[in-house]
Amino acid sequence: MKKLLAMLLAGLIMMSAMSVCAFSADTPAEISYTVYDGKVVLSWFNTPDETYTVYWKRSSSSEWKVAGTTSKHKVNITGLKNGVSYDFKVEIGGEDSEIVTATPIEPTYLYAISTVNVRSEPSYASDRWGSYSCGDQVEVVGEENGWYIINYPYSDSVKYVNAAYLSEEVPDGTAEDEPVVDLIDRNDESYVVTSDTEVLSDMVNGEVIGTLEAGETVEVTGIVVSDCLTLCAYQISYNDGVAYVNGGITDPDFKTEDFEIYYEGLTDRGSVTHDNRGYVELCVVEDSITSSGATFKIRNSSQYMLDYGEDYALQVYSDGEWSDVPLIVDSYDVNSIANLVWAGGDVSIFTVDWSGIYGEFDSGYYRLVKEYFYETDDGNVFTYGICGFEIE
C-alpha cells in the first residue's frame, strides 16, 4: 500500500517580501495549480512569508489530511492516482485558503496538426524554444489555461504548446501553421478607444476577459507583430496586469489634415514617390512645435514594414511657392540608424531639432520632407512624406 502522499518542495518560484501583500480576510490567497502524471503542483500568491500547512483529500471524501508544511510558495505533491479528483487548501496566517480541485493525468501522445512553436511558458509572450512540424508526435503531460504541458526532449524542464495545434488524430496537412509572433516593447503610450473592443488574455487565441468602451484611454505597453512584419495586436495595461486587443484603439496625437498649401510645388524626386496620402502618413504633434524643432509621427498602414533614418529636409512657403530653407552650416552628419515601423498600422515617433543646421524659424508656413522605404517582396521601394506645420 502506498504511503501517505509525499510532498517534494520545488523552491523554483519564490516571491520576495516586496512583491506580496499582507494576508487577511479581505485579501484572500490566490491558489493556482498544474496537473501532471501522478502529480499536482500548487502555487499561492498574495501571502506573507511564513510557514504554511498544506492539506489534501480525495474530492469524494470529507476527511482532510495534512500533506506537510513549508515556507515556500510552491509545492509538488506526488504519489497521486491519475484520473482521481483531489481537493487542496493551504493554511495561511491561521486561515484556510480557497479550495482548489485538480485531477492528475497520464501522459498522452498527440500530433501536431501544423507547424507549432514550443514555448517556455503558457503564453505567446514567452520565449520560443523550438517547434514541431505537421505530423510530429508530442508527449503531453498536463494542461494549463488552454496550453498543453509537454515533455520536450531538448530541455530539462517542461515546455508548452498551444492546445489548438495538437490533435489525437493524425493530421491531413490542411491546417494553417501557428502564427509566428513577437512582442515589441512600447513605453506606456496613451491610446484612445475608438469603438467597444474585446480584451483578450493572450496575443493569439486568447480568451475574452473584458471589454473596452469607446472613449476610454488605455496604455499601450507593446505591439504584437507577426513574422516580424505586421502589427496584429496591441499589448495594454489592464487590471494591474497586461492583456491584448486586436484593434479598436488609436493614437490620439495622430492627426492629419488636408491643407492644399502643403502639397503645392512638389518636385520630381527621381526614384521615389509621394505617399503621404496613401498607406503611409506623416503628422506633427501640434503641442510640440517651437521655433527650433518639433515632434513628428509616422503611421504605416501598408502591408510592408517601413524603414527610415534621421535625415530630412525643410521647406518654407513664401510668395505663393515653396523653397528649401537655407542651411546655416556648410555640412552636417546624420546617424544612419534604421527605425522600423511595422506594417498594419504601427506608429513611430521622432523629434527634429533643426536649430543647429537651419537656425530658429520666424512665424510662417513650413513643411518637413521625410524619406523612407518599404521592404517589399521585390526589394526596397523608396518613398517620401510631406508634413506641413505653422509657426505662429
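Visitor: What does V158 touch, leaving out residues up to four places away in sequence?
Guide: In this predicted model, V158 touches Y36, I149 and I150. V158 is found in the loop between β14 (147-150) and β15 (159-162).

Visitor: Why is V158 called partly exposed?
Guide: Its relative accessibility is 31%. Buried means under 20% and exposed means over 50%. V158 lies in between, so V158 counts as partly exposed.

Visitor: What separates the C-alpha atoms of V158 and V141?
Guide: They are separated by 8.8 Å. Along the chain, V158 and V141 are 17 residues apart.

Visitor: What makes Y308 and F350 an aromatic pair, and why is the pair called tilted?
Guide: A search of the whole structure finds 21 aromatic pairs. Y308 and F350 form one, at 5.5 Å centre to centre. The limit for a pair is 6.5 Å, so these rings qualify. The planes make an angle of 50 degrees. Stacked needs under 30 degrees and edge-to-face over 60, so the pair is tilted.

Visitor: How do you know that the pair links distant parts of the chain?
Guide: Y308 is in strand β27 (residues 306-308). F350 is in strand β31 (residues 346-353).

Visitor: Are Y308 and F350 buried or exposed?
Guide: Y308 has a relative accessible area of 3%. F350 has 10%. Buried means under 20%, so both residues are buried.

Visitor: Which aromatic cluster holds Y308 and F350?
Guide: One cluster is formed by F296, Y308, Y312, F350, W354, Y358, F361, Y366 and F389.

Visitor: What makes K370 count as lying over the face of F350?
Guide: K370 is at 4.7 Å from the ring centre. The distance limit is 6 Å, with an angle limit of 35 degrees from the ring normal. K370 lies over the face of F350. K57 lies over the face of W64 too, at 5.2 Å from the ring centre.

Visitor: Where do N145 and D240 lie?
Guide: N145 lies in the loop between β13 (137-144) and β14. The place of D240 is in the loop between β21 (230-238) and β22 (241-245).

Visitor: Why are N145 and D240 given the label they have for accessibility?
Guide: N145 is at 68% relative accessibility. D240 is at 89%. Exposed means over 50%, so both count as exposed.

Visitor: How many helices and strands does the protein have?
Guide: There are 2 helices and 33 strands. Buried residues make up 44% of the 392 residues.

Definitions and conventions:
Residues numbered from 1 in each chain as written. Predicted model: local features only at pLDDT ≥ 70, side-chain atom pairs only at ≥ 80, totals over all residues. Heavy atoms only, no water. Phe/Tyr/Trp six-rings, centres within 6.5 Å; stacked < 30°, edge-to-face > 60°. Helix = DSSP H or I, 4+ residues; strand = E, 2+ residues; numbered from the N terminus. Buried < 20%, exposed > 50% of the residue type's maximum accessible area, 1.4 Å probe, protein only. Contact = heavy atoms within 4.5 Å.
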